[in-house]
Amino acid sequence: QVQLVASGGGWVHAGGSLRLSCAASGLTSSSYAMGWFRQAPGKEREFVASINWNGDNTVYADSVKGRFTVSRDNIKNTVYLQMNSLKPEDTAVYLCAARISRYVATNGYNYWGQGTQVTVSS
């Protein structure tokens, strides 16, 4: 059974930083691309970042490019999202996901974790 557990969310002032983690179990993480998505109240879920199976290729939404960095540790089966220069519009529930493919993508994810709340105050 695949399980993705996200953690690291919280409250931060604008301009601050947070680091999210997503611990995966039940899958061989080195064979999966991983992604981060977010959903704000009253809005649709949106893509944030994706990383390929070995971590040497990443893709980001334009809204977070240059501020967020996705990385992974396949020994620990964990994916990270380092978020810097946070803005109030980054406030959302952040979810991690796994895709049955080694390659980055903005959609087509097969497994989803629960969310972790990120709140950025102005």
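If you want a spot to look at, find Ala92: its bridge partner in strand 11 is Val118.

Quick word on what's on the screen: this is a predicted model, where local features need pLDDT of at least 70, side-chain atom pairs count only at pLDDT 80 or more, and totals for chains, interfaces and linings use all residues. Residues are numbered from 1 along each chain as its sequence is written, and side-chain values use heavy atoms, with hydrogens and water left out.

Okay, back to strand 11, residues 116-121. Strand 2, residues 10-13, pairs with strand 11 too, this time in the parallel sense, over 4 bridges. Val12 is one to click on there, with Val120 as its bridge partner in strand 11.

Which order do its strands come in? It's 1-3-8-7, 4 strands with antiparallel pairing. Strand 1 (3-7) and strand 7 (68-73) are the edges, each pairing on one side only. From one strand to the next, the twist averages 15°; those angles run from 0 to 180 degrees between N-to-C directions, using axes fitted to C-alpha atoms. Strand 1 meets strand 3, residues 18-25, over 5 antiparallel bridges, and Leu4 has Ala24 as its partner in strand 3.

Cys22 sits in strand 3 and Cys96 in strand 9, 74 residues apart, so distant parts of the chain get linked. The link is right-handed, with 60° about the S-S bond. Cys22 counts as buried because its relative accessible area is 1%, and Cys96 is buried at 1% as well; buried is under 20%, exposed over 50%, partly exposed in between, with a 1.4 Å probe and protein chains only.

Last stop, Asn52, in the loop between strand 5 (46-51) and strand 6 (58-60). Buried or exposed? Buried, at 6% relative accessibility. Its side chain makes a polar contact with the side chain of Asn54 at 3.0 Å, and another with that of Asp56 at 2.7 Å. Polar contact here means N or O atoms within 3.5 Å, where within protein one must be able to donate a hydrogen and the other to accept it, and residues adjacent in sequence count only if both atoms are side-chain atoms.

Terms used: Two strands pair if DSSP finds at least two bridges between them. Helices (H or I, at least four residues) and strands (E, at least two) are DSSP runs, numbered from the N terminus. A disulfide is a pair of cysteine sulfur atoms within 2.5 Å.
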